[in-house]
Amino acid sequence: MPNDHAFRAAPAVRARHPWFPAGRPGVGALPEHAARTGLGTWWADRPVRFRAAAVACAGYAVLAGDPCATAPGDLAPLAHCYVVAPDRFLPVLGAAFTRIVPWERMIWAYDEPAPTLPPGPGIAVRPLTPADAPAVRALGPDLAWIAESWGGPVGLAASGHGWGAFRDGRLLSLACTYFAGSRYEDIAVATLPAARGRGLASACVRALCADITVRGRTPSWSCSRDNHPSRHLAAKSGFQLIHAYVHYALGAPVAGSRLPAEATRL
């Protein structure tokens, strides 16, 4: 593909498109979440009648279309993302990045509420409010990822999609919708290391799942096949495995690849 057709921001991609169908669980909800919140970044090989397109949010990306419409250098905006893409994109992805590592993932769907022990004395499990942004930020850099899909702690705290376990005003554990779709809300959980093993994550997940169900949606859960603690928590919280797939961890662009000058981030 000529360089003047390199991937660029494409508002038209945000319209409902068969490549990014509504109602999917897991990272499949990413396009809907990005379109709804305005937090995602969209690209296509050309502004209209595009042949290949991608959407990225919080370090994840979904790539679709015709790989022949892309050249390796065009894909530089997806560097360091976890990308879901059809196998036909593997040759161009392999040529575009210094590494491409397959990573087996599992998607779980909420089946029915599971019994959980009440949190310990002095623990309050409640929805996050905008005033909780400093508490989310205080989780520290190792857990900062939990807020990335909402643009950071302020966005997550104000989203209406998070529940936390607090003690003396300090946030110890947090469960939130990570990607909110029209049918599924894919959730994420983070707990301070010193507070793990106390059932706080389970309590937050249970409260969040009840909230999602009231909204008329189904909670989903995504994790690596090798993430046994996450898998255990999903099963314990009432989730059932529905799908397994592979996404790809991308490295840096190969030498000479760069974000084209005409590409803009929305």
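**Notebook: helices, salt bridges and rings**

I began with helix H1, where Leu30, Pro31, Glu32, His33 and Ala34 are buried. The model I am reading is a predicted one. Next I looked up what these buried residues of H1 pack against. I found E1, strand E2 (52-57), strand E3 (60-65) and strand E8 (170-180). I then checked what follows H1. Gly38 comes after the helix, and its phi is positive, near 75°.

**Helix H5**

I turned to H5, residues 200-214.

I listed the buried residues of H5 next. They are Leu200, Ala201, Ser202, Ala203, Cys204, Val205, Ala207, Leu208, Cys209 and Ile212. I also looked just past the helix. There Gly216 takes a positive phi of about 85°.

**Salt bridges**

How many salt bridges does the count come to? I got six.

I took Asp45 and Arg51 to start. Their side chains meet in a salt bridge, 2.7 Å from N to O. I asked which side of the 20% cut-off Asp45 falls on. Asp45 has 0% relative accessibility, so I count Asp45 as buried. Arg51 has 29%, so Arg51 is partly exposed.

I moved on to Arg225 and Glu104. They form a salt bridge, with the closest N and O atoms 3.3 Å apart. Where in the chain do Arg225 and Glu104 sit? I placed Arg225 in the loop between strand E10 (218-224) and helix H6 (228-236). Glu104 is in strand E5 (residues 100-110). I checked accessibility for both partners. Arg225 has a relative accessible area of 31%, so I note Arg225 as partly exposed. Glu104 is partly exposed too, with a relative accessible area of 44%.

I also noted a network. Salt bridges link Glu185, Asp211, Arg215 and Arg217.

**Arg126 and its partners**

I looked up Arg126 for two contacts. The side chains of Arg126 and Asp132 meet in a salt bridge, 2.8 Å from N to O. The charged end of Arg126 also sits over the ring of Phe166, 3.9 Å from the ring centre. Is Arg126 buried or partly exposed? I found a relative accessible area of 29%, so Arg126 is partly exposed. Asp132 comes out at 7% relative accessibility, so Asp132 counts as buried.

**Aromatic pairs**

I searched the whole structure for aromatic pairs and found nine. I wrote down Phe20 and Trp42 as one of these. Their ring centres are 6.2 Å apart, with 80° between the planes. The pair is edge-to-face, because an angle over 60 degrees counts as such. What does this pair tie together? Phe20 lies in the segment before helix H1 (30-37) and Trp42 in strand E1 (residues 41-44), so the pair ties together parts that are 22 residues apart in sequence. I checked burial on each side. Phe20 has 7% relative accessibility, so Phe20 counts as buried. Trp42 has 2%, so Trp42 is buried as well.

Notes. Residues are numbered from 1 along each chain as its sequence is written. This is a predicted model: local features need pLDDT of at least 70, side-chain atom pairs count only at pLDDT 80 or more; totals for chains, interfaces and linings use all residues. Side-chain values use heavy atoms; hydrogens and water are left out. Helices (H or I, at least four residues) and strands (E, at least two) are DSSP runs, numbered from the N terminus. The expected span of a helix is 1.5 Å times one less than its number of residues. Buried means under 20% relative accessible area, exposed over 50%, partly exposed in between (1.4 Å probe, protein chains only). A salt bridge is a side-chain nitrogen of Lys or Arg within 4 Å of a carboxyl oxygen of Asp or Glu. Rings of Phe, Tyr and Trp (its six-membered ring) pair if their centres lie within 6.5 Å; planes under 30 degrees apart count as stacked, over 60 as edge-to-face and the rest as tilted. A charge sits over a ring if NZ of Lys or CZ of Arg is within 6 Å of the ring centre and within 35 degrees of the ring normal. Contact means heavy atoms within 4.5 Å.
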